[in-house]
Amino acid sequence: MIEEAVPEARGASDRSPADRTAPRTIAVWDLPLRLWHWALAICVLAAWFTPTVFDRLHRIVGYMVLGLLAFRLVWGFWGSRYSRFRMVGVRLRAAPGYLWNLRRGMTGRYIGLNPAGTLMLVALLASLAVSTITGAMSVTVTFFGVWWVEDAHHYSSDAVIVLVVLHVVGVVLMGILQRENLIRAMITGRKRIGTHL
């Protein structure tokens with residue numbers, strides 16, 4: 001289902017028939033959000049491969065992730081239209097039905113995040129918050145060596161990696177189902193609009 005109607009571009013009637021049937025795109029993800037996404041991906045991978053081997057780098061990257069999470073929280077309220085959290089509640093309620101319909105290849109059409117993507121966003125942000133906060137706690141005098149802090153950091157970090165793998169698989173599968181390069185969309189910030197899939 002298309003999230004909303006997109007007005008016809010000016011001069012559309014002046015275009016040739018071939019131009020009118022060509023896929024049009026719309027700006028969806030702004031530059032700050034795209035930079036945040038790729039910076040977070042790099043930091044998470046770096047954090048995953050550096051504990052106990054490069055502890056100093058691991059801590060620096062952890063603090064960078066914490067800063068990126070703070071930015072995303074702010075951008076969720078003051079960013080551009082598709083960066084905001086305004087539709088999160090609605091999409092989360094729609095997520096179970098959406099995932100159920102995916103079994104039959106029914107993807108719907110969303111300009112921004114679909115319900116499955118919204119669910120992934122919330123799960124990743126929550127897991128990253130637990131991982132980074134407990135990681136920062138574990139290097140303080142008060143919480144150093146405390147078992148529940150270490151366990152929470154360990155398990156939430158594992159959860160982040162599992163979610164990242166599911167996210168990548170989901171993006172690839174959705175790209176195949178909808179015949180659209182979603183990775184390119186997160187680089188350019190533009191997604192295809194129109195009824196053809």
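The crossing of α2 and α3 is left-handed, that is, the near helix is turned anticlockwise from the far one by less than a right angle, clockwise being right-handed. Helix numbers count from the N terminus over DSSP runs, H or I of at least four residues for helices and E of at least two for strands.

Before going on: this is a predicted model, where local features need pLDDT of at least 70, side-chain atom pairs count only at pLDDT 80 or more, and totals for chains, interfaces and linings use all residues. Residues are numbered from 1 along each chain as its sequence is written, and side-chain values use heavy atoms, with hydrogens and water left out.

Two packed helices are described by the angle between their axes and the distance between the axes. Axes here are lines fitted to C-alpha atoms, for helices over the stretch in contact, with angles from 0 to 180 degrees between N-to-C directions.

For α2 and α3, the axes come within 9 Å and cross at roughly 155 degrees. The two are therefore roughly antiparallel; that label applies over 145 degrees, with under 35 roughly parallel, 65 to 115 roughly perpendicular and the rest oblique. On the α2 side the residues are P32, L33, W36, A39, L40, C43, A46 and A47, and they meet H58, V61, M64, V65, L68, L69, F71, R72 and W75 in α3. Contact means heavy atoms within 4.5 Å. By class, that contact has 15 nonpolar residues, one polar and one charged. Ala, Val, Leu, Ile, Met, Phe, Trp, Tyr, Cys and Pro count as nonpolar, Asp, Glu, Lys and Arg as charged, and the others, Gly among them, as polar.

Next, α3 against α5. Their axes come within 9 Å and cross at roughly 135 degrees, which makes α3 oblique to α5. This crossing is left-handed. From α3 come G62, Y63, V65, L66, L69 and R72, and from α5 come L121, L125, L128, A129, T132, I133 and A136. The contact of α3 with α5 has ten nonpolar, two polar and one charged residues.

Among the contact residues are S131, T134 and G135 of α5, and H153, S156 and S157 of α6. The class count is 14 nonpolar, nine polar and no charged residues.

Which residues does H153 contact, leaving aside neighbours within four places in sequence? They are H58, S131, T134 and G135. H153 and S131 are 22 residues apart in sequence and 4.8 Å apart C-alpha to C-alpha.

Now the second largest pocket, with a volume of about 710 Å³. A pocket is an open set of points on a 1 Å grid over the protein atoms alone, where a 1.4 Å probe fits, with protein on both sides within 12 Å along at least five of seven lines; lining residues have an atom within 4 Å of a point. Of its 27 lining residues, P51, H58, G135, H153 and S157 are the closest to the centre. α2 (31-49), α3 (55-78), α5 (115-138) and α6 (147-178) each supply at least two lining residues, and α6 gives the most, seven. The lining has twelve nonpolar, eleven polar and four charged residues.

Technical notes: Points joined across faces, edges and corners; volume = space filled by probe spheres on them.
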